[in-house]
Amino acid sequence: AGAAVSLRVAELDLGDDATLGRLVALQRASYAVEAELIGARELPPMRESPAELRACGETFLGADEDGALLGAISFKRAGGTVDIHRLVVDPGAFRRGVATALLDALEARERDATHWTVGTGAANAPARTLYERRGFTATEERVVPGGIRWVRLDRAGAR
């Protein structure tokens with residue numbers, strides 16, 4: 001255990017089948033934990049095929065430690081807005097700073113963004129706490145298909 005000091009964060013190549021397979025497995029494991037946290041049977045990314053993930057149009061950064069993919073963040077950039085679509089961490093690497101390292105890398109990469117937005121399950125306290133600590137504020141809450149309460153959080157540019 002201890003801090004994830006040897007993490008390497010880099011853009012993931014979804015054209016590489018091995019990388020894509022590792023990402024699909026990571027996403028399924030991570031979203032299974034979130035589904036349990038928010039009381040959902042499953043979340044759509046848990047059913048996503050490798051082909052669907054490859055075609056999603058999001059840019060992915062991955063956190064790698066000794067060849068193991070421990071986490072990933074995906075986003076889309078439109079004008080000055082960075083829209084974070086996914087933030088997934090291997091359940092075996094929870095509480096090791098992986099999500100923070102991914103957010104730090106994304107913020108450094110997109111440092112000229114003027115607006116940041118992200119959505120998560122309203123009952124996902126760990127995710128909400130992580131984003132709120134980084135200056136995000138809840139701006140919208142609604143019920144999405146499956147009866148899941150969803151919250152959107154937004155923040156102005158640089159922290």
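Me: Let's start with Gln27: buried or exposed?
Reply: Gln27 is buried, with a relative accessible area of 2%. Buried here means under 20% relative accessible area, exposed means over 50%, and partly exposed is in between, using a 1.4 Å probe and protein chains only. One note before we go on: this is a predicted model, where local features need pLDDT of at least 70, side-chain atom pairs count only at pLDDT 80 or more, and totals for chains, interfaces and linings use all residues. Residues are numbered from 1 along each chain as its sequence is written, and side-chain values use heavy atoms, with hydrogens and water left out.

Me: Where is Gln27, and which residues is Gln27 in contact with?
Reply: Gln27 sits in helix H1. Leaving aside neighbours within four places in sequence, Gln27 is in contact with Pro45, Glu48, Leu53, Arg86 and Val88. Contact means heavy atoms within 4.5 Å. Helices (H or I, at least four residues) and strands (E, at least two) are DSSP runs, numbered from the N terminus.

Me: How many salt bridges does the structure hold?
Reply: There are 17 salt bridges. One of them joins Glu65 to Arg96, with the closest N and O atoms 2.9 Å apart. Glu65 is in strand E2 and Arg96 is in the loop between E4 and H3, 31 residues apart; both are buried. Arg149 and Glu141 form another, at 3.0 Å. Arg149 is partly exposed at 42% relative accessibility, and Glu141 is partly exposed at 39%. There is also a network of salt bridges that links Glu11, Arg77, Arg109, Glu110 and Asp112.

Me: And Glu34, which has no salt bridge: buried or exposed?
Reply: Glu34 is buried, and the nearest side chain of opposite charge, Arg128, is 10 Å away. For charge, Lys and Arg count as positive and Asp and Glu as negative, while His and the chain ends are not counted.

Me: What does the Glu34 side chain reach, then?
Reply: The Glu34 side chain makes a polar contact with the side chain of Thr120 at 3.4 Å, and it reaches the backbone nitrogen of Gly121 at 3.4 Å. A polar contact is a pair of N or O atoms within 3.5 Å; within protein, one must be able to donate a hydrogen and the other to accept it, and residues adjacent in sequence count only if both atoms are side-chain atoms. Glu34 is in helix H1.

Me: Switching to the sheet: in what order do the strands come?
Reply: Seven strands form an open sheet in the order E1-E2-E3-E4-E5-E7-E6, with mixed pairing. Two strands pair if DSSP finds at least two bridges between them. Strand E1 (8–11) and strand E6 (137–144) are at the edges with a single partner strand each, so one side of each has no neighbour in the sheet.

Me: Which way do E3 and E4 pair, and how do E4 and E5 run?
Reply: E3 and E4 pair in the antiparallel sense over eight bridges, with Ser74 opposite Arg86 in E4. They form a hairpin with two residues between them, and Gly79 in the turn has a positive phi of about 60 degrees. E4 and E5 run parallel and are joined by four bridges; the partner of Ile84 in E5 is Val118.

Me: Last one: where is Thr117, and what joins its side chain to Asp154?
Reply: Thr117 is in strand E5 and is buried, with a relative accessible area of 8%. A polar contact of 2.9 Å joins the side chains of Thr117 and Asp154. Thr117 and Ile84 are 33 residues apart in sequence and 6.2 Å apart in space, C-alpha to C-alpha.

Notes
Salt bridge = Lys/Arg side-chain N within 4 Å of Asp/Glu carboxyl O.
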